[in-house]
Amino acid sequence: MFTAEQLKTFTQHIFQSIGFSEADAQLAAKTLISADLRGVDSHGIARLAGYVRLFDHGRLNPKPNIRIVHETPSTGVVDGDAGVGLVVGPKTMEIVIEKAKNVGSGWISVQNSNHFGIAGYHAMMALEHDMIGMAMTNAAPLVAPTFSLEKMLGTNPIAVAVPAHEEPAFVADFASTAAAYGKFEILQRKNLPAPLGWAQDANGEITTDANPIKNGGALLPLGSDREHGSHKGYGLGSIVDIFSGVLSGANYGPWVPPFATAGFMAAAEGVGRGTGHFFGAMRIDGFRPADEFKGHMDNWIRRFRSAQAVEGKQVLVPGDPEREIEAERLRDGLDLLDPVVQSLEELGKRFGITL
């Protein structure tokens, strides 16, 4: 078991060892470990070695000049200068929030970035400002659109965070696929099969292979197949890709460079610059008084939680499971899988840092 502070400190020191400033290393560590705290283990410290591999292959700039390259009062494009998305994302969201303070809403698309951790972290930054936050990102092509044998889209997540008054915030954070690729990585570490509907094989047939990409297959969109609505998941993933990549000038579709995972490292010739993100923030008082709105959000949340449920179950509101896990892990610590600990120990040995 490890405490969140232990993992943050270790992560910070690793990032500083590859050239991050102390401030950027702290921010990157905080962003990364937020995933572990919220129970999204696939996007937390298990990814740390992947970020170091990006640096080793010259694809991650430890000292980026993150800057606005085009803007209006409410919109803009940020160039992440090949920085880590764990830093580019929060710094861009700060710009988005400032725009929203000034003109009611802010919207920024990002080019030339890298993997940014969990989308929910960035969206939740708006909550303390009485704003609704949004975050999304495209990713390496691992997903076959409905009826396709080619991998054309990433897992392309979407997050929306909405503040309430007395109740915890509504936080929806989900991939546009049946399962995020990190879930497959966890299954691979545990030598377990994948549930039906998560992936297809090289012939387009549903498979329980936990490593379908390695064997010529692909991940499936949310819905799994056409009869169960995969065209809707395909549509969601496409929207994320267009907002994050086509709109910003980043790569998109099959040209998005891979993260340092699943053995993929070489970035093919693209059509844009790096990985793309999209962030938004809206002032609630641009629509109605914030306190009035948040009071009604309390009512909305309570009514949904009190909905009649099947025996032994309770209706949850988006954000409930993650919030409960975070409270538990802050209290009891985080239990990491043995392969993750081994990976971290190898990093520590390389840089002379004790886990």
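Q: What makes a space in this predicted model a pocket rather than a cavity?
A: A pocket is an open set of grid points with protein on both sides within 12 Å along at least five of seven lines. In a cavity, a 1.4 Å probe fits but cannot get out. The second largest pocket holds about 410 Å³ of space. Of its 19 lining residues, Lys30, Tyr121, Met124, Met125 and Glu128 are the closest to its centre.

Q: Which helices each supply at least two residues of the lining of the second largest pocket?
A: They are helix H2 (22–37), H4 and helix H5 (119–124).

Q: What classes of residue make up the lining of the second largest pocket?
A: The lining divides into 9 nonpolar, 2 polar and 8 charged residues. Lys and Glu count as charged, Tyr and Met as nonpolar.

Q: How do you know that the second largest pocket lies between domain 1 and domain 2?
A: Look at who lines the pocket. Domain 1 (1–61 + 335–354) and domain 2 (64–178 + 220–318) both give residues to the lining, so the second largest pocket lies between them.

Q: What does the domain assignment of the protein give, and where do the bounds come from?
A: The assignment gives domain 1 (1–61 + 335–354) and domain 2 (64–178 + 220–318). The bounds come from an automatic or database domain assignment. Taken over C-alpha atoms, the centres of domain 1 and domain 2 are separated by 22 Å.

Q: How many residues of domain 1 and of domain 2 are in contact with each other?
A: Contact means heavy atoms within 4.5 Å. By that cut-off, 22 residues of domain 1 are in contact with 25 residues of domain 2.

Q: How many cavities of 30 Å³ or more does the rule count?
A: The count comes to 1 cavity. The largest cavity has a volume of about 30 Å³.

Q: Which residues line the largest cavity, and where does it lie?
A: The lining is Phe20, Asp24, Asn61, Pro62, Pro64, Gly83, Val84 and Val87. By class, that is 5 nonpolar, 2 polar and 1 charged. Domain 1 and domain 2 both give residues to this lining, so the largest cavity lies between them.

Q: Why is Thr92 called buried?
A: The cut-off for buried is under 20% relative accessible area. Thr92 has 0% relative accessibility, so Thr92 counts as buried. Thr92 lies in helix H4 (residues 85–103). Leaving aside neighbours within four places in sequence, Thr92 is in contact with Val78, Ile108, Val110 and Phe279.

Q: What makes the phi of Asn112 worth a look?
A: Most residues other than glycine have a negative phi. Asn112 is not a glycine, yet has a positive phi of about 60 degrees. Asn112 lies in strand S3 (residues 105–113). At 11% relative accessibility, Asn112 is under the 20% cut-off and so counts as buried.

Q: Where is Asn156, and is Asn156 buried or exposed?
A: Asn156 sits in the loop between strand S4 (131–137) and strand S5 (158–162). Phi of Asn156 is also positive, near 35 degrees. With 0% relative accessibility, Asn156 counts as buried.

Q: How many helices and strands does the protein have, and why is the protein called as compact as a globular protein of its length?
A: The protein has 10 helices and 10 strands. Its radius of gyration is 20 Å, close to the 20 Å that the globule rule gives for 355 residues, so the protein is as compact as a globular protein of that length. Of the 355 residues, 52% count as buried. The C-alpha trace spans about 50 × 50 × 45 Å along its principal axes.

How values were computed:
Residues are numbered from 1 along each chain as its sequence is written. This is a predicted model: local features need pLDDT of at least 70, side-chain atom pairs count only at pLDDT 80 or more; totals for chains, interfaces and linings use all residues. Side-chain values use heavy atoms; hydrogens and water are left out. On a 1 Å grid over the protein atoms alone, a cavity is a set of points where a 1.4 Å probe fits but cannot get out, and a pocket is an open set with protein on both sides within 12 Å along at least five of seven lines; lining residues have an atom within 4 Å of a point. Grid points are joined across faces, edges and corners, and a volume is the space filled by probe spheres set on the points. Helices (H or I, at least four residues) and strands (E, at least two) are DSSP runs, numbered from the N terminus. Buried means under 20% relative accessible area, exposed over 50%, partly exposed in between (1.4 Å probe, protein chains only). The radius of gyration is taken over C-alpha atoms; the globule rule is 2.2 Å times the number of residues to the power 0.38.
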